[in-house]
Amino acid sequence: KHAPAGFWIRSGSLIVDSGFTFGLLLLLMAFFGKQTFDYWNYAGYLLLNTGILIFMLKRWGQSFGKMAMGIKVVRADYEDVGWTNVILRCLLEVLQALGYLFRAVAITSGLVNSGLMLTGTSFLPPETLKLASGHFHSLFLFWTFSEIFVLLTNRRRRALHDFLAGTVVVVEKEAPAYRWAWVTGSFLFIAGFIWFSMTHMEFMFQRLAERGDASSQRVIGETY
């Protein structure tokens, strides 16, 4: 009655969701008329993206990717999810968005420079926030691989965030037609986005350097 969503169908959902995320980023960049985001723009983008995800999971139990793949998030007892389930399930995304918001505030206020080194007099070592940021990214990678391991080693195919939130992902009765076409299209779009970013990386760094970003100035080896 409640077939669990396996690894591959959830991977397809993730690819479609990533396509939406990159598409949202491009739309916001076009709206603001900038080749690259500054700290406030990127923090706002993460908060908006996370807010959309939380709203959709609470309203329908599905993200865009889950709709495309015909899977749904429900509570462990197969009832509809509540706010607590949704917030706990998206906890990592929430922390990431709030972290970038704090970063924007800290850089704008002069608490740290663009390299996340503390400025002025402080009882903390200058590299404190930079080290904290590095530890968070390491924790993010560890969590991601742990998610996959846990998902593959239990009968109901629950990932770590499912256990944390008390949820399970199940397959709906009728899978949407052409669902793997959504995955293929999203994958090609993401690949194109990454290719464009990599081939225009020098130009993007130069734009940031011209606006006074010290870390970008060091990357391109020029002083503006």
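View 1. Trp-8 is exposed, with a relative accessible area of 66%, whereas Phe-7 is partly exposed at 26%; here buried means under 20% relative accessible area, exposed over 50% and partly exposed in between, computed with a 1.4 Å probe on protein chains only. Phe-7 and Trp-8 form an edge-to-face aromatic pair, with 5.0 Å from centre to centre and 75° between the planes. Rings of Phe, Tyr and Trp (its six-membered ring) pair if their centres lie within 6.5 Å, and planes under 30 degrees apart count as stacked, over 60 as edge-to-face and the rest as tilted. This is a predicted model, in which local features need pLDDT of at least 70 and side-chain atom pairs count only at pLDDT 80 or more, while totals for chains, interfaces and linings use all residues. Residues are numbered from 1 along each chain as its sequence is written, and side-chain values use heavy atoms, leaving out hydrogens and water.

**View 2. The ring pair of Phe-20 and Phe-64.** The ring centres of Phe-20 and Phe-64 are 4.5 Å apart and their planes meet at 40°, so the pair is tilted. Phe-20 belongs to helix α1 and Phe-64 to helix α3, so that the pair links distant parts of the chain, 44 residues apart; helices (H or I, at least four residues) and strands (E, at least two) are DSSP runs, numbered from the N terminus. Phe-20 is partly exposed at 27% relative accessible area, and Phe-64 is also partly exposed, at 36%.

**View 3. Asp-17, a buried charge in helix α1.** Asp-17 lies in helix α1, which covers residues 7-32. Asp-17 is buried yet has no salt bridge, and the nearest side chain of opposite charge, Lys-66, is 4.7 Å away. A salt bridge requires a side-chain nitrogen of Lys or Arg within 4 Å of a carboxyl oxygen of Asp or Glu, and Lys and Arg count as positive, Asp and Glu as negative, with His and the chain ends not counted.

**View 4. The largest nonpolar core.** This core has 14 residues, and those with the most contacts inside it are Ile-71 and Val-86. Helices α1, α2 (39-60) and α3 (64-69) and strand β1 (71-75) each supply at least two residues of this core. A nonpolar core is a set of buried Ala, Val, Leu, Ile, Met, Phe, Trp, Tyr and Cys residues joined through side-chain atoms within 4.5 Å.
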